[in-house]
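Hi everyone, thanks for coming.

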Amino acid sequence: MTAGTFENARRGAMGIIGLQLAVTLLAASIAALAAGSHAGVSALLGGLINVVASFYMAKRVFAGGLAAGPRAWFARLWLAETIKFGLTVALFALAIVVLKAAFLPLILAYMATYTAYWVGLLRISFGQMA
């Protein structure tokens with residue numbers, strides 16, 4: 001991977017997180033209009049769970065650059081994905097148990113941001129196939 005490719009990958013990851021944030025705000029707005037403020041806040045929390053976890057992972061993976069080599073980069077990727085999973089579980093527990101979020105808007109918004117993640121990856125992939 002070259003420095004330019006690495007920078008493109010970092011920008012792509014941040015673009016996906018931006019897309020997830022936009023989907024989160026849209027889902028929260030729709031939930032609030034359809035079912036009230038508690039549903040809107042719950043949807044906001046659900047979307048933010050994925051946004052925060054994705055942002056953490058991207059920052060962790062791309063923080064070290066390419067200087068350490070591919071093995072170090074892969075180790076950062078593996079560790080970041082592991083921590084992202086734990087962070088996601090902890091944030092769901094916080095949202096449901098402590099903040100008493102409504103489950104349906106929470107999980108639907110989370111699913112919407114997860115879909116946005118894959119749409120963003122596909123968009124980046126098709127852009128690279130030229």
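Let's start in helix H4, residues 103-128, where Tyr 114 and Tyr 117 both sit, three residues apart, or about one turn of the helix. Helices here are DSSP runs of H or I with at least four residues, strands are runs of E with at least two, and both are numbered from the N terminus.

A word on the source: this is a predicted model, so local features need pLDDT of at least 70 and side-chain atom pairs count only at pLDDT 80 or more, while totals for chains, interfaces and linings use all residues. Residues are numbered from 1 along each chain as its sequence is written, and side-chain values use heavy atoms, leaving out hydrogens and water.

Searching the whole structure gives four aromatic pairs. Rings of Phe, Tyr and Trp (its six-membered ring) pair if their centres lie within 6.5 Å; planes under 30 degrees apart are stacked, over 60 edge-to-face, and the rest tilted. Tyr 114 and Tyr 117 are stacked, at 6.2 Å centre to centre and 25 degrees between the planes.

Now, how are the rings of Tyr 117 and Trp 118 arranged? Their planes are at 85 degrees and their centres 5.4 Å apart, so this pair is edge-to-face.

Stepping back, Phe 92, Tyr 110, Tyr 114, Tyr 117 and Trp 118 form one aromatic cluster.
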